[in-house]
Amino acid sequence: MADQIVKKEDDAEKKVEEVLAANDSEKEEAKVEETKAEEKKEAKPAISKEPFKNLHVIVVTSGKGGVGKTTSSAAIATGLAQKGHKTAVLDFDVGLRNLDLIMGCERRVVYDFINVIQDEAKLNQALIKDRHVENLFVLPASQTKDKDALTLEGVEKVFRELDSMNFEYVVCDSPAGIETGALMALYFADEAIVTTNPEVSSVRDSDRIIGILNAKSRRSELEMEPVAAKLLLTRYVPSRVKRSEMLSVEDVQELLTIPLLGVIPESEDVLKASNSGNPIILNEASDAGKAYGDAVERLLGNEVPLRFVTEKKGIFAKIFKK
Ligand SMILES: Nc1ncnc2c1ncn2[C@@H]1O[C@H](COP(=O)(O)OP(=O)(O)OP(=O)(O)O)[C@@H](O)[C@H]1O
Ligand SMILES: [Mg+2]
């Protein structure tokens, strides 16, 4: 028995040696990569500790794609501006460019975020004044440039300029995943709206992004107060929760343990709003629009009761008070 174990260990050692020998060239390559990464680290810009004068940076983020970030960025930025706050909404989804469509300003795009970063346009040439509400401006993403064009220095430059133009809020619409664009979008955040659907995969990916907010943001690097992460639960269907086909608000809150900013019900009005370029919050008859209105109130520190989290009663149930 003991002999067998010794033999097994010998075999294993041999294998390791073989692998090590075969890996010599890979090791060399890895070393080169490591040096490159080290150089990149050293080349990382010194981010100023100086706080912004007025500007409050909000990132609308998620791990999983397609959960409603762009819809929510458009609605919340519009809501903040409706409340009288000078607000800019920025599209960090380089290559895709969706926000301008949902904001209904796609035909007025001349310059974009990357043009400003690369000094090909002035910020005020690229900012598009919203046609629905006062105090609101859209900075579209580039459809043609590659993602590397987005740099931390570039983003900081734009934010400093927005601050000097007396903007109060910048809402950053993040691309999906945890790639460059998403990291750039969250780096300067003071507050994060973690957009999540009531399903396990979305919750798990949100948990990952909360970890990144706590580790890779400017606030964490400068050991400042952490980014205030808040949960926005979107596409909620109370009847499906009742049938246990969807996670409930309570389930999601228990898993993510961040304060709840709002619950947005699933609604056909959202797609109609996107297709017509009118952010859903402008539709005051829609439950989803009202729910975004409530979320904006909470963002501004006002207490508002939760709505649209229980099943709507049909006409008969109402009559017979079931
Ligand atoms: N409350 C809602 N009810 C119904 N549909 C919704 C709701 N919220 C978002 N949607 C729909 O979900 C889809 C994805 O929304 P959106 O583009 O905002 O997500 P996203 O997170 O920005 O996606 P991506 O990760 O690709 O950027 C769209 O078709 C949108 O209309
Ligand atoms: Mg999007």
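Guide: A residue is called buried when its relative accessible area is under 20%, exposed when it is over 50%, and partly exposed in between, as judged with a 1.4 Å probe on protein chains only. In this predicted model, 47% of the 322 residues of the protein chain count as buried. Residues are numbered from 1 along each chain as its sequence is written, while chains are lettered from A and ligands numbered from 1 in the order in which they are written. Local features need pLDDT of at least 70 and side-chain atom pairs pLDDT 80 or more, whereas totals for chains, interfaces and linings use all residues, and side-chain values use heavy atoms, with hydrogens and water left out.

Visitor: How many helices and strands does the protein chain have?

Guide: Helices (H or I, at least four residues) and strands (E, at least two) are DSSP runs, numbered from the N terminus. By that rule the protein chain has 15 helices and 8 strands.

Visitor: At what angle do helix 3 and helix 14 pack?

Guide: Axes are lines fitted to C-alpha atoms, for helices over the stretch in contact, and angles run from 0 to 180 degrees between N-to-C directions. Helix 3 (residues 69-82) and helix 14 (residues 287-299) pack at about 60°, and their axes are 9 Å apart. A crossing is right-handed if the near helix is turned clockwise from the far one by less than a right angle, and left-handed if anticlockwise; the crossing of helix 3 and helix 14 is right-handed.

Visitor: Which residues of helix 3 and helix 14 make the contact?

Guide: Contact means heavy atoms within 4.5 Å. Helix 3 contributes T71, S72, A75, I76, G79 and L80, and helix 14 contributes Y292, V296 and L299. Ala, Val, Leu, Ile, Met, Phe, Trp, Tyr, Cys and Pro count as nonpolar, Asp, Glu, Lys and Arg as charged, and the others, Gly among them, as polar, and on this basis the contact of helix 3 with helix 14 has 6 nonpolar, 3 polar and no charged residues.

Visitor: Is T78 buried or exposed, and which residues is T78 in contact with beyond its neighbours within four places in sequence?

Guide: T78, which is found in helix 3, counts as buried because its relative accessibility is 0%. Leaving aside those sequence neighbours, T78 is in contact with M103, V133, L136, P279, I281 and L282. For the protein chain, among contacts between residues at least 6 apart in sequence, 76% join residues at least 24 apart.

Visitor: Which residues are closest to ligand 1?

Guide: A residue is near a molecule if one of its heavy atoms lies within 4 Å of it. Ligand 1 is surrounded by 16 residues, of which the closest are G66, K69, T70, T71 and S267. A polar contact is a pair of N or O atoms within 3.5 Å. A polar backbone atom of G68 is 3.0 Å from an oxygen atom of ligand 1, a polar side-chain atom of R235 also lies 3.0 Å from an oxygen atom of ligand 1, and a polar backbone atom of S267 is 2.9 Å from a nitrogen atom of ligand 1.

Visitor: What is the value of phi of R97, and where does R97 lie?

Guide: Phi of R97 is near 55°, a positive value in a residue other than glycine. R97 lies in the loop between strand 2 (87-91) and helix 4 (99-102), and R97 counts as buried because its relative accessibility is 17%.

Definitions and conventions
A polar contact is a pair of N or O atoms within 3.5 Å; within protein, one must be able to donate a hydrogen and the other to accept it, and residues adjacent in sequence count only if both atoms are side-chain atoms.
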